[in-house]
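User: Hello! I am new to this structure and would like to learn how to read it. Could you go through it with me, feature by feature?

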Amino acid sequence: MNNNTGFQLSDNDQNGVSLALSGDWIQGSDHGQFSALEIELGTRHPDQLSVDGATLGQWDSVLMAFLLQCYNYCGERGIGFDTRNMPEGVEKLLQVATAVKPHSESEEQRRPWWESLNPIELVRKAFEDVLESLAFVGEVAIATMRLLLGKANTRFTDFRNFCYQAGPDAFGIVSLTSVLVGMILAYLGAVQLQQFGAQIYVADLVVIGMLREMGVLMTAVVMAGRTGAAYAAQLGTMQTNEEIDAITTMGISPIEFLVMPRMLALVVMMPLLTVYASLLGIVGGGIVAGGMGISALQYINQAQGAFAFSHIVVGLLKSFVFAALIAVAGCRSGINSGRSSAAVGQAATEAVVTAIVYLIVADAAINILFQQVGI
Amino acid sequence: MEEQREVHIEVRDVTMAYGSFVIQRDLNFNIFRGDIFVIMGGSGCGKSTLLKHMLGLIPPSSGDILYSGESFTRASSQQQEAMRQRWGITYQSGGLFSAMTLAENITLPLQLYTSYSTVDIEEIVAYKLALVGLAGYQAFYPSEISGGMRKRAALARAIALDPEILFFDEPSAGLDPISSRLLDELIVQLKDSIGATVVMVTHELPSIFDIATNSVYLDANTRTMIDYGDPAYLRDNSEQAVVRQFLTRSAASEEDTA
């Protein structure tokens, strides 16, 4: 009657259908598919479906999954379902599997993905994001004030540990990047200046470039990837472990307790790292200049001429601002993180991306400002 | 009496240690096929560590663990892999992959280790979720369901491959008494119908007396196992006062003065 392997349908008395299962129903075997049975049943409209396992071979979850579908199919259409002639375990498992009614999702719970592209929704989200950031910055400002008044619950031990992580621990990577950036600057300038026979001005370019711009920016980018992401991951994991809930219910402000020590550590260590990075960059530029036939003495002499106190001040000022921005971006992402491993990863990514965007925007703004003021 | 039953897991002279710090020494016991075996003991005695040793996550400092007579500790990594495929495991905090939906969580072992077709896998996933009372929750992420549901979802993943041995680390911790009871019933039903051996770590006394058929008690002070047997029998007849106290929830001082 049908060519399906694994099962055979036959009419029995009283408008019932019996479903005889045969052969092995295990992985890799050529067992029956429910879709085939569904088509067959659709043409018969029985009142009763009796399953018979007299010639059934070995079976595993595949059979159970098949029977569960039969059960649900019959349940939906008011067809009687009978598994009396099946092995004992089958009936028991089916009972367990059908003890709880299937959960049906309500429409509002799952929105189609394209709704997330709705422009109004996107603008609203961006606006909320900005508000949230402002609220966070406000809380940080209040916490800073309380700290200055000596009322904040900020632990000095935490501050010291974070200083170590944001300072000495970062020496290696900052050294490497700043020497290389100094060399890159020198190469870039040397090639252009050589055309005018003015190679000696490479020293000016490197000194001013490193002190005002590249030293602080490269350090900030490294710290955003290194420390900003770490802050987001730490705070995100704390959110997952309900540590932040615990801190809040103890009556301690998480901003004072968790964010302040991190932010202060970064604000204290970044200027030091920046000065260090700038000096190493100038040394790196000197190496390249040496290779271009400029003696060390000439280079130092020229560098001294280019050196001005205002350049250092500009670099230091930027480093304070950048440190605060990195810390705010990292801590905000961490504190607002969701409570799963995926969410913590997302928080870390968000921390680095926002920090770098903040850095570049702030750098441009500060440069324009100083240009206007004439520093 | 016990000679007729098949030994499924043998723990032989196992000593567990982190460096020179010994957690438990000279553990020797058998787990029989079809048992619901409970590892008991006070907090910090090394119950979960023993389970991690049995799972091969930590190699024992000395001794051996045998599954159906085959050494796990001395097996090659391929053999260990093959043995692990016959196990289902749930972890203390579930261990569900948070970046995957429940359906994806259960699909993963099926895709990795079986030759079922994609359609079959989808149907089996629906069936496994129905078994633990989560039919229709395929598209949910672990973070979107309650703690009890997560425990059950972890169980569904553990039974995905129709395992011979089920390991549970504190399956009912953090559940209300009713949910915990239902989970116990589910474990017994699943065990009976798929014929698995169950090894679990738990503190829950009701659960221990309801479903356990055999147990071992690890003592934190003497750092070894001090009793072995059916917990209901041990409660009344254990020669160790600590074990009787543990199983009757009585304070140590009462027994000491008694």
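Predicted model: local features only at pLDDT ≥ 70, side-chain atom pairs only at ≥ 80, totals over all residues.

User: How many residues does helix 12 of chain A have, and how far does it reach?

Analyst: The expected span of a helix is 1.5 Å times one less than its number of residues. Helix 12 of chain A (residues 341-373) has 33 residues and reaches 47 Å from its first C-alpha to its last, close to the 48 Å expected.

User: Which residues of helix 12 of chain A are buried, and what covers them?

Analyst: A residue is buried if 20 or more other C-beta atoms lie within 10 Å of its own, exposed if 12 or fewer, and partly exposed in between, with C-beta atoms placed from the backbone. An α-helix has 3.6 residues a turn, so residues three or four places apart point the same way. In helix 12 of chain A the buried residues include A:V344, A:A347, A:A348, A:A351, A:A355 and A:L359. Their cover includes helix 7 (202-240) and helix 11 (309-335) of chain A. Helix 11 of chain A is itself largely enclosed by the rest of the structure, because 20 of its 27 residues are buried.

User: Is A:Q195 buried or exposed?

Analyst: A:Q195 counts as exposed because it has 8 C-beta neighbours inside 10 Å. You will find A:Q195 in the loop between helix 6 (171-194) and helix 7 of chain A.

User: In what order do the 4 strands of the open sheet in chain A lie?

Analyst: Two strands pair if DSSP finds at least two bridges between them. The order here is 1-2-3-4, with mixed pairing. Strand 1 (7-12) and strand 4 (80-85) of chain A are the edge strands, each pairing on one side only. Strand 3 (residues 48-59) and strand 4 of chain A run parallel, joined by 4 bridges, and A:S50 stands opposite A:D82 in strand 4.

User: Which residues have the most contacts inside the largest nonpolar core?

Analyst: In soluble globular proteins, nonpolar side chains tend to be buried together. A nonpolar core is a set of buried Ala, Val, Leu, Ile, Met, Phe, Trp, Tyr and Cys residues joined through C-beta atoms within 7 Å. The largest one has 95 residues, and B:L129 and B:A156 have the most contacts inside it. Apart from it lies another core, of 66 residues, including A:V181 and A:L280.

User: How many residues does each chain bring to the contact?

Analyst: Two residues are in contact if their C-beta atoms, placed from the backbone, lie within 7 Å. Chain B brings 22 residues and chain A brings 25. On the side of chain B that touches chain A, helix 4 (118-131) and helix 6 (177-194) of chain B are the elements giving two or more residues. Helix 4 of chain B gives the most, with 7 residues.

How values were computed: Residues numbered from 1 in each chain as written. Chains lettered and ligands numbered in written order.
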